Amino acid sequence: MSSNSCSACLDPLDAGALPAKNPPAEAAALWPAVASLSLGVFGLVTAEFLPASLLTAMAADLHVTAGAAGQAVTATALVGAVAAPTIPLLTARFDRKRVLLTLTALLLVSNLLAATAGSLSVLLFARVVLGVALGGFWSMAAALAMRLVPERLFPRAMSLVLTGVSIATVCAAPVGAWMGSLWGWRSAFVAAGVVGLLAFVVQLAALPALPPRDQASLKGLRDLLTRGPVRIALLAVLLVISGHFAGFTYIRPVLEDVTKLPVAAISAVLLGYGIGGFFGNFAGGWLAGHGERYAIVAGSAMIAVLAAALLVGGSSTVVTAVAVSLWGFAFGAFPVGFQTWIVRAAPDQAEAAGGLLVAAFQIAIATGAIAGGLIVDRTGALGAPAFAMVAVALGGLLAWRRGPVPAMAGVRS
């Protein structure tokens, strides 16, 4: 089926989601505009991950403890969780291109503030600004991708957008650490600022005008939570993502205490995880194109099996290295799967639904990290993958039994 087919040939969801007179952005795929979203995501996630690789240097330069400097990460996550559902409400009447450019400008401002911070308070303020940009951008990314391509190409578009996450996951920490060792920790934030500026310029050139379409409101958010498909999606996120982060956040104790790997080998195994996630993103996009439920169920089943492999054979270097790398590959299916699920569950309120999804992700990350830490402290390193195995399996089972079934699985281009 060609992307230039008549409106009567579009999927029912597409017809219901679009207004009667579609603007040019919705008539055909605008891949440069989608790529500009991916570049913005790359800049945001890079900035989000930088403190992890620069923590000790930041703490020493600002004369604070490493724990205090680490709150730069906490500030971004908490503000992002709040900003995700509220930014669509506060900007409901503004052109989405202008809103997106404003959020990308905040990314640039955040990096410049961090690069010139002379105190912890300034650094934390910079990270709060980043949290606003991060939450707002993520809340709208899927909704805008849906408007930039025909509905049948949406999973492919989200896979491209999320490639920015995969590349940042692989590159941000090691490149940040390398730059910090050569030119100081501030240089890494200067480089991240350059990425933000590039993203702004590309979005300015590539994005079409996108007049507001959703009627976001507090009542709309409450109404979304009354929809069964939305509630099921959010519950699946809480189970699957909390399980994943409980297992992966505490994978290093497994590598050190169970597998007995040296630091160099641990770095190599974690690099394998990042590379696996990069390719898993594309595989997840392909699966989600056939049905987002399949991507989530496949990823969940893989992680449950891999967590069990760590419980049984975690003392083996080969088993552990393969399991961790494949874990990254499996996780790559979740972002595109859940993003596709949530916007198709609420195409009339895609931005608000995206905000709820981002908030659910943040809550799940925090819940998983806390639960994993408590379990590891009480039961040892293997307690985290045990928790991950159970939680992810339950989330995958929920997606299999209650997840969306493709309405027109036989209509493919």
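How many aromatic pairs does a search of the whole structure find? The search turns up 9 of them. Here, rings of Phe, Tyr and Trp (its six-membered ring) pair if their centres lie within 6.5 Å, and planes under 30 degrees apart count as stacked, over 60 as edge-to-face and the rest as tilted.

Before going on, a word on what you're looking at. This is a predicted model, where local features need pLDDT of at least 70, side-chain atom pairs count only at pLDDT 80 or more, and totals for chains, interfaces and linings use all residues. Residues are numbered from 1 along each chain as its sequence is written, and side-chain values use heavy atoms, leaving out hydrogens and water.

**The aromatic pairs**

| Pair | Centre to centre | Angle between planes | Type |
|---|---|---|---|
| Phe 245 and Phe 331 | 6.1 Å | 85° | edge-to-face |
| Phe 278 and Phe 279 | 5.3 Å | 90° | edge-to-face |

Phe 245 sits in helix H10 (residues 228–249) and Phe 331 in helix H14 (residues 317–331), so their pairing ties together parts 86 residues apart in sequence. Helices (H or I, at least four residues) and strands (E, at least two) are DSSP runs, numbered from the N terminus.

Phe 245 and Phe 331 are both buried. Buried means under 20% relative accessible area, exposed over 50%, and partly exposed in between (1.4 Å probe, protein chains only). Phe 278 is partly exposed at 24%, and Phe 279 is partly exposed at 49%.

Phe 245 and Phe 331 also belong to one aromatic cluster, together with Phe 334, Phe 338, Trp 341 and Phe 361.

Now for helix H6 (residues 120–148) and helix H16 (residues 350–379): their axes come within 7 Å and cross at roughly 135°. Axes are lines fitted to C-alpha atoms, for helices over the stretch in contact, and angles run from 0 to 180 degrees between N-to-C directions. H6 and H16 are therefore oblique to each other; angles under 35 degrees count as roughly parallel, over 145 as roughly antiparallel, 65 to 115 as roughly perpendicular and the rest as oblique.

Which residues meet? Trp 138, Ser 139, Met 140, Ala 143 and Leu 144 in H6 meet Ala 350, Glu 351, Gly 354, Gly 355 and Val 358 in H16, with contact meaning heavy atoms within 4.5 Å.

**The whole chain**

Zooming out, the protein chain has 17 helices and 0 strands. Of its 413 residues, 52% count as buried.
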